[in-house]
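I opened this notebook to keep track of what I looked up in the model. The entries follow the order in which I went through the chains.

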Amino acid sequence: MKVHYYPGCTLKEKTTALDVSTREAMKCLDIELVEPEGWTCCGAEYPLTEEKIVGLAAPLRVLRQVREENGDFVITTCSFCYAVLKRANKAIKDDPLKHKRVNAYLRDDIKINALTKEKTTGFEDYNGEVRVLHLLEYLRDHVGYQKIRSRLKRPFGGLPVAAYYGCRLLRPAKDMDLGEPDDPRLFEEFLEAVGATPVDYPFKQECCGSYLSVSLPDAATEASYRVLRSARSNGAAAITVTCPLCFYNMDRRQDKIKEAFLDFPGLPVLFFTQILAWALGVEKTVLGLNQHAVPADDLFRDAPAPEVTL
Amino acid sequence: MRVKLKAGPEVRKFIERVEELSGENVYACYQCGRCSAGCPVASEMDVLPNQVIRLVQMGLAEDVLHSKTLFLCASCFTCQSRCPKGIDMARVMEAVRHLLDPKGADAFGPGEIPPDLANELPQQVMVALCRKFSK
Amino acid sequence: MFEPQIMSFLCKWCTSAAADLAGTSRLHYAPNPVNLRVMCSSRVDPQHILYAFKEGADGVFIGGCHPGDCHYVEGNYKTLRRVTLFKRMLDDLGIDSRRLRLEWISAAEGKKYAQVMDEFTEQIRGLGPLQLNENALMKEEEKDE
Amino acid sequence: MKGQKKTKRIGVFVCHCGVNIAGVVDVEKVAKTLTDYPGVAFSTNYIYVCSDPGQQMIIDTIKEKKLDGIIVAACSPTLHEKTFQEAARLAGLNPYQIEIANIREQDSWVHVDKDKATKKAVKIIKAHVEKAVRNESLEPIKVEVHRRALVIGGGISGIQAALDIADHGYEVLLVEKNPSIGGKMIQLSETFPTLDCSQCIMTPKMVEASRHPRIKLLTYHEVESVSGFVGNFKVRIKKKPRYVDAVLCNLCAECEKVCPQIVPDEFNMGLSFRKAIYMPFPQAVPGTYTLDAEHCLGLNPVRCGKCKDVCEKKAISYEMQETIFEEEVGAIVVATGYDLYSMQALGEYGGEKIPDVINGLEFERILSASGPTAGIIRRPSDGKVPKSVVFVQCSGSRDTEKHNPYCSKICCMYTAKHAMLYKHRVPDGQAIVFYIDVRTGGKAFDEFYQRTIEEDKVLYIRGKVSKIFKDGDKVVVWGVDTLTGKKVEVEADMVVLAMAMVKAEGVGDLLRKLKIQTDIHGWLAEAHPKLRPVESLNAGFYLAGCAHGPKDIPEAVAQASAAAAKVGDLFAQKELSHEPTVVPVDEDKCSGCAICITMCPYQARTLDTERGVVVVNEILCEGCGACAAACPSGAAQQRNQTDDQIFSMVTAMMKG
């Protein structure tokens with residue numbers, strides 16, 4: 001089965017581990033991922049003022065391209081891309097003024113015929129026809145946990161794992177619609193389906209510091225520390241994320257966290273797709289584990305999960 | 001110094017612009033402070049989120065436009081998700097930031113990112129940060 | 001000067017009481033509207049309105065309680081729905097729908113009542129005498145019966 | 001069109017009201033003009049028609065001129081309609097043959113142009129003549145009253161209402177779904193602002209209710225359905241099997257000792273345990289054990305039967321069955337109370353998953369001398385005495401976005417009380433209250449609140465808590481002090497959430513059965529927000545206590561007494577008198593389309609499916625006329641304001 005998949009810029013360049021593990025896992029589930037022709041950056045940040053209409057053009061172009069390729073939906077894994085695509089799509093459906101103004105920008109785009117590569121101009125208005133799904137959502141609603149369970153080659157043996165949602169998957173809830181923003185279940189259900197034990201901890205939905213790690217590094221260090229510490233003190237052997245930026249803040253900058261907070265012993269950070277791929281039988285050499293600053297290799301063993309020392 | 005509250009068309013226009021740009025009714029806020037209580041970066045802010053909306057309500061444009069807070073909000077929407085009145089503070093922040101011209105010393109542009117860090121950073125960080133806080 | 005004839009249907013609990021208050025406050029307003037007191041604005045049937053136009057009214061006014069204040073729970077909402085729909089029909093019948101006006105005026109709003117009466121009288125004066133297309137109206141009446 | 005042969009003799013009396021009318025309206029001319037109007041047999045003007053000689057003139061004229069309808073053209077009908085109706089009655093004329101034409105407030109006082117005002121007066125009077133010639137003589141609708149009341153709910157409001165009605169001399173059925181009366185108040189520790197012990201002031205009332213000769217206490221009963229109308233309700237009541245004979249049970253407690261089934265104790269908010277056979281609390285009324293079939297091993301001697309074996313009084317029987325019986329009452333007081341909003345709804349406060357985050361009622365039980373900790377403040381997780389307690393006001397209240405938009409009203413005061421009592425019991429402990437506003441409108445309330453701060457040194461922080469989470473054995477609270485602009489964090493031992501009050505669970509279904517009006521939050525709706533605060537929109541139903549919305553004990557008691565007084569008003573009448581200007585159905589014209597039924601807010605109209613016509617319960621009809629306006633066939637006609645009357649009035653007003 002072919003489905004549209006929007007990796008986004010970061011997965012293509014810096015954080016290929018998320019992209020590669022997604023593709024490998026989907027292969028195990030007999031799902032072929034197709035990227036929309038000529039996709040561009042989504043803009044990373046959903047425009048929050050009523051006047052920044054042009055910020056909606058990029059994500060909606062991507063979605064329109066999916067429609068042109070007869071796709072009903074597109075899946076993403078990066079939380080930032082997911083939020084921007086989903087919110088832009090909702091805005092154009094809900095707000096007639098935005099619909100009118102954005103389509104005025106989009107109408108005269110150059111169209112490339114997928115087969116002949118012939119260029120023409122003029123598009124039908126995009127009306128929000130394509131659904132935007134996070135891979136977690138797709139796995140739950142389209143693939144089904146039943147099917148995942150039936151294909152498991154290496155169930156995780158109850159490894160205690162913390163699900164980290166961060167901001168973008170859940171909020172604002174009226175746009176994202178992935179569950180109660182202070183009591184979500186989606187990620188935990190996924191972890192159970194792959195045989196891990198989700199750890200309940202109160203920071204699963206708190207912010208990791210986001211891009212403040214660049215403009216105000218200390219604030220991000222503290223925010224990430226609180227999340228990691230909470231996960232670890234509640235018994236997690238690893239924390240799983242869906243977002244390359246959360247990964248950057250919590251894994252790549254974990255040495256800085258340890259420097260600032262001496263009581264923190266460290267915690268491996270995984271992409272949820274790495275867990276999925278490995279459980280479905282993918283070899284760990286292709287999971288991009290070499291991109292991790294905090295070694296996570298030990299978690300992927302055929303033997304029972306390692307003891308967790310707190 | 002005692003702050004003189006004004007009520008002229010200029011003050012009204014500032015409040016109206018914030019409301020128009022953000023799509024939020026700033027008068028819906030009854031100052032419970034929950035946005036500040038849950039904000040992950042409030043401790044770094046010179047003006048707390050609830051104070052930002054308070055200053056807008058009072059029409060004290062200068063105070064709010066010159067606060068560092070505008071460039072600290074990471075749009076994590078924690079405030080929005082818990083606001084008892086459903087106000088999206090991140091949008092109010094963005095609206096005020098939009099009205100700030102020139103953007104001032106707290107803005108953050110591509111030039112501020114050291115080249116070696118830029119090599120390492122996920123693309124989304126640079127795009128998002130520069131869209132948000134750029135001069 | 002053209003003196004319009006205005007037929008007013010007033011809810012006993014609010015607008016009629018407001019008209020009384022306007023009186024006790026000695027407010028002066030246009031004498032054109034003549035008031036018929038009903039128990040509730042929802043007692044007013046579109047037929048009554050049409051009949052008033054037929055009998056020479058240039059304007060018809062209905063006064064009811066503010067939303068949420070109806071003495072009979074939600075009679076005023078029923079009136080609002082009826083009037084909204086009926087206004088569209090009036091236009092079809094060739095009667096300018098501005099000749100029918102519905103207002104929420106509470107028993108405390110004597111001043112508003114007087115203002116609205118003046119305003120409505122002037123508005124109808126501006127629209128001029130109602131030129132009734134008797135044929136269209138008769139057809140409508142037959143349909144009703 | 002729609003004419004009627006005018007055979008009536010109508011008299012017109014135009015009042016000068018001194019110069020109030022005569023100063024603007026040419027009253028003589030008006031009276032003279034009316035003389036010739038069809039139907040008018042007599043027309044005159046007089047200086048003050050409402051004066052004694054004026055009224056006498058009316059009485060004499062009615063008799064002398066054999067009038068069968070009169071118009072008094074004078075001031076607003078709200079002032080003297082009753083006066084003239086009475087005068088007419090003295091003259092032998094039916095009061096419904098009197099019409100008041102308002103030519104003062106709505107004419108002479110508001111217009112200056114004498115000519116126009118005079119013409120307008122003529123139009124107004126002519127219109128009323130048209131109405132009068134078509135008026136029917138009417139008599140008030142009479143209906144017998146069943147002088148017996150049903151009170152639903154055995155909390156403080158229900159008990160108070162029942163006692164008052166019974167003291168008025170009427171019989172009362174007090175229905176309570178739980179095994180004992182007492183409601184929420186009996187669970188409270190001490191009450192603000194006087195700190196009386198709740199049980200001490202409540203139990204005498206409970207006992208009084210149980211001993212009152214005119215109160216029939218129906219505990220462990222539920223109202224199944226209500227039919228009929230004011231004065232004449234038929235109520236079906238379900239008696240749930242208690243499996244213990246309340247008369248035989250001597251409270252020896254042997255059954256409880258042998259029962260193997262352990263169940264969370266509802267009375268202690270699940271903070272302790274009871275057996276499947278239990279007394280809800282020591283002062284329960286009636287004083288009897290109840291066997292909770294849901295948790296019993298099976299009501300079967302083969303499976304267990306231990307309680308039955310040890311009961312010397314042979315009070316226990318597994319054979320008891322649910323029964324349903326019918327009662328007739330004339331009035332119903334609804335006092336079904338409230339519940340606290342579920343903590344599960346507040347994920348950011350732990351969503352009920354943190355054991356040491358509790359609600360206000362749980363804290364009441366912890367404070368209570370008869371509670372699970374015998375009045376020593378201990379936290380649920382480990383029984384330690386908490387040295388730092390945070391109280392969070394407005395938990396789930398004043399939140400238009402996700403929870404309840406309204407203020408729950410009593411939390412400010414009970415939180416102050418909680419903090420104060422905590423400090424009394426744990427003097428070296430720290431009590432912090434997070435609030436948005438403190439509302440202390442009540443007798444001696446603000447003084448109490450100030451005492452909490454000044455004398456008991458409770459720290460009040462102005463800001464709403466954003467997040468509460470567990471960290472080790474501490475409960476961490478993230479808040480803000482909006483007064484200083486400081487973001488604050490408290491590592492507390494226990495947190496008490498002042499949860500919003502919401503309509504009682506399960507009441508929604510009951511209220512639906514009663515067909516009683518509620519507001520959008522499920523609270524009972526009063527007939528008028530200012531002037532009829534204890535009556536329902538549905539005649540014969542009265543409201544008491546928190547079923548109507550959040551309120552404190554004195555308010556609930558006051559409302560219950562007011563509801564009882566209203567029931568007394570109703571029962572003081574042998575029969576009910578109801579305005580006859582209702583909207584009956586002309587069955588010959590009715591097509592049974594039922595449109596009028598959807599218009600009626602009072603359930604006065606029902607479809608007789610057999611005959612295919614709508615039938616009207618005239619007692620329930622309030623005469624708004626919305627149905628008459630909607631009726632497509634003209635079958636629904638309001639008495640003395642028929643379409644015919646309105647049409648002829650319009651003609652007179654537009655052409656007169």
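Before checking which chains touch, I noted the rule: two residues are in contact if their C-beta atoms, placed from the backbone, lie within 7 Å. I also noted that this is a predicted model.

**Entry: which chains touch**

I looked up chain B and chain C, and they do not touch. Their nearest C-alpha atoms are 22 Å apart. I found no contact between chain A and chain C either, with 25 Å between their nearest C-alpha atoms. There are 4 pairs of chains that touch, and the pair with the most contacts is chains C and D.

**Entry: the contact of chains C and D**

I looked up how many residues each side gives: chain C gives 33 and chain D gives 37. On the side of chain C, the elements that give two or more residues are α1 (15-24), β2 (33-38), α2 and α3. The largest share of that side comes from α1(C), with 5 residues. By class, the side of chain C that touches chain D has 17 nonpolar, 9 polar and 7 charged residues.

**Entry: the contact of chains D and A**

I then turned to chains D and A, where the contact takes 5 residues from chain D and 4 residues from chain A. The chain D side divides into 1 nonpolar, 2 polar and 2 charged residues.

**Entry: helix α3 of chain C**

I checked the length of α3(C), which covers residues 75-92. At 1.5 Å a residue, its 18 residues should span 26 Å, and the end C-alpha atoms are 26 Å apart, so the two agree. I listed its buried residues next: C:Gly75, C:Asn76, C:Lys78, C:Thr79, C:Arg82, C:Val83 and C:Leu90. What do the buried residues of α3(C) pack against? Within chain C I found α2 (46-54), β3 (59-64) and β4 (100-104). From chain D I found α16 (595-599) and α17 (626-630). Just after α3(C), I noted that C:Gly94 has a positive phi of about 85°.

**Entry: chain D as a whole**

I counted up the elements of chain D and got 18 helices and 34 strands. Its radius of gyration is 33 Å, whereas the globule rule gives 26 Å for 656 residues, so chain D is more spread out than a compact globule. Along the principal axes, its C-alpha trace spans about 95 × 65 × 45 Å. I noted that 52% of the 656 residues count as buried. Of the contacts in chain D with a separation of 6 or more, 70% are between residues 24 or more positions apart.

**Entry: helices α12 and α13 of chain D**

I looked at α12(D), residues 411-425, beside α13(D), residues 445-454. Their axes come within 9 Å and cross at roughly 35°, and the crossing is left-handed. From α12(D), the residues that meet the other helix are D:Met413, D:Ala416, D:Ala419 and D:Met420. From α13(D), they are D:Phe445, D:Phe448, D:Tyr449 and D:Thr452. I sorted the residues of this contact by class and got 7 nonpolar, 1 polar and no charged.

Is D:Met420 buried or exposed? A residue is buried if 20 or more other C-beta atoms lie within 10 Å of its own. D:Met420 has 23 within that distance, so D:Met420 is buried. D:Met420 and D:Thr452 are 32 residues apart in sequence, yet their C-alpha atoms are 5.5 Å apart. Not counting residues up to four places away in sequence, D:Met420 touches D:Thr452, D:Asp456 and D:Val458.

**Entry: chain B**

I found 8 helices and 0 strands in chain B. A compact globule of 135 residues would have a radius of gyration near 14 Å, and the 16 Å of chain B agrees with that. The C-alpha atoms fill a box of roughly 50 × 30 × 30 Å along the principal axes. Buried residues make up 50% of chain B.

I ended with B:Glu24, in the loop between α1 (9-22) and α2 (34-38) of chain B. B:Glu24 is buried, with 24 other C-beta atoms within 10 Å. Leaving aside neighbours within four places in sequence, B:Glu24 is in contact with B:Glu19, B:Ile87, B:Asp88, B:Arg91 and B:Val92. Of these I looked up B:Val92, which is 68 residues from B:Glu24 in sequence and 7.1 Å away in space, C-alpha to C-alpha.

Technical notes
Residues are numbered from 1 along each chain as its sequence is written. Chains are lettered from A and ligands numbered from 1 in the order in which they are written. This is a predicted model: local features need pLDDT of at least 70, side-chain atom pairs count only at pLDDT 80 or more; totals for chains, interfaces and linings use all residues. Axes are lines fitted to C-alpha atoms, for helices over the stretch in contact, and angles run from 0 to 180 degrees between N-to-C directions. Helices (H or I, at least four residues) and strands (E, at least two) are DSSP runs, numbered from the N terminus. A crossing is left-handed if the near helix is turned anticlockwise from the far one by less than a right angle, and right-handed if clockwise. Ala, Val, Leu, Ile, Met, Phe, Trp, Tyr, Cys and Pro count as nonpolar, Asp, Glu, Lys and Arg as charged, and the others, Gly among them, as polar. The radius of gyration is taken over C-alpha atoms; the globule rule is 2.2 Å times the number of residues to the power 0.38. A residue is buried if 20 or more other C-beta atoms lie within 10 Å of its own, exposed if 12 or fewer, and partly exposed in between; C-beta atoms are placed from the backbone. The expected span of a helix is 1.5 Å times one less than its number of residues.
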